[in-house]
Amino acid sequence: MEFHYSTYRLELKHTFTIARGSEDAADIVLVYFTKDGITGVGEAAPSDRYDEDCFSIVKRINRLTFDDIPDGGTLDEWLDAALPKAGGMRSLETAFDLALHDLYGKLNDISLSDYFGANSKKGCMTSFTIGIDEKDKIRAKVLEAEQYPLLKIKLGSDYDREIINTIRDVTDKPVRVDANEGWNLEQGKKMCDWLAQRNVEFVEQPLPADDLDDTARLREVSPLELIADENCIDSKNIPDIAYAFDGINIKLMKCGGLREAHRMIQMAKEHELKIMLGCMVETSVAITAAAHLSPLVDYADLDGNILTSNDPFDGVKVEDGMLILPDGPGLGVELHR
């Protein structure tokens, strides 16, 4: 099996700000596995929140060989051979996982949504994310996102209420809130009560990940559901956090790819938790990969490609807010023509 990679810089349409910082661009690594003249593509979109970056990924890749991936093996055997090579770097695991799923689907003429039993070309509705910004810029972003019926609002700043009031001056469409660990318990109580009166669906990661017991206390009194993000990396976390949250946010770049994300979906359902699929700033490769699981979950926030100005791939589309999966085997993504 042949392997190669390339790097790419995604440019954001607007400076993207959350409680932890801002960015104007995001560096990613694209990986490719080729067998019998067919190539599968995957993507690593590292986050400094998890101590990963493109430099470290490329440095590791350049030390690797892939001769031990069995040509005639099953997909699970491919993954079992490839993923440990990432050395615990989850975004790199994800890149290997996506490329091998894509390759398997193409070689066996099956889409990944069918492979995972979703059996649908339509996913759930995705939100469109509005980052922390000045009032005039927030208004402009909301108007720019008019075609999306559902917004996700980044909070966790010193002027969260002003942000929500600014948005409500422009639109009354339902919104979801992501505090990105930006509140403490008392702030969380006050904000959840206040947001519940303003057509907000739920609050994502209101408190720091190491404040799990306080999060459980907030859940007891919050009129809004709480969704875990930074508290939920992979399936091993779910039993430990289920008492503190109403749902989880699965991100491929956190958990290590589609195989683990599917495990997380199954385990979350066993614990009666709501399930959202989220993303980093990514190309249509990773966004489309997650979208193939979206018929199986409750919520989606898969807009990382839409936030960029130079996505080199075509894949999942959004029509009236709904995720529409591409035709074709594997991921179903193609380079722009």
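I looked for disulfides (pairs of cysteine sulfur atoms within 2.5 Å) and found 0 in the structure. Cys255 is in none; its nearest cysteine sulfur, that of Cys232, is 8.9 Å away. Cys279 is in none either, with the sulfur of Cys124 nearest at 12 Å.

I note that this is a predicted model, where local features need pLDDT of at least 70, side-chain atom pairs count only at pLDDT 80 or more, and totals for chains, interfaces and linings use all residues. Residues are numbered from 1 along each chain as its sequence is written, and side-chain values use heavy atoms, with hydrogens and water left out.

I checked burial next. Buried means under 20% relative accessible area, exposed over 50%, and partly exposed in between, with a 1.4 Å probe and protein chains only. Cys255 is buried at 3%, and Cys279 is buried at 10%.

I then searched for salt bridges (a side-chain nitrogen of Lys or Arg within 4 Å of a carboxyl oxygen of Asp or Glu). The whole structure has 26.

Which residue does Lys152 pair with? Its partner is Glu204, with the closest N and O atoms 2.8 Å apart. The two sit 52 residues apart in the chain, Lys152 in strand 6 and Glu204 in strand 8. Strands are DSSP runs (E, at least two residues), numbered from the N terminus. Lys152 is buried at 2%, and Glu204 is buried at 0%. Both belong to a salt-bridge network that also links Lys154, Asp178 and Asp301.

I also looked at Lys141, which bridges to Asp133 at 2.9 Å, N to O. Lys141 is buried at 9%; Asp133 is buried at 16%.

Key:
Helix = DSSP H or I, 4+ residues; strand = E, 2+ residues; numbered from the N terminus.
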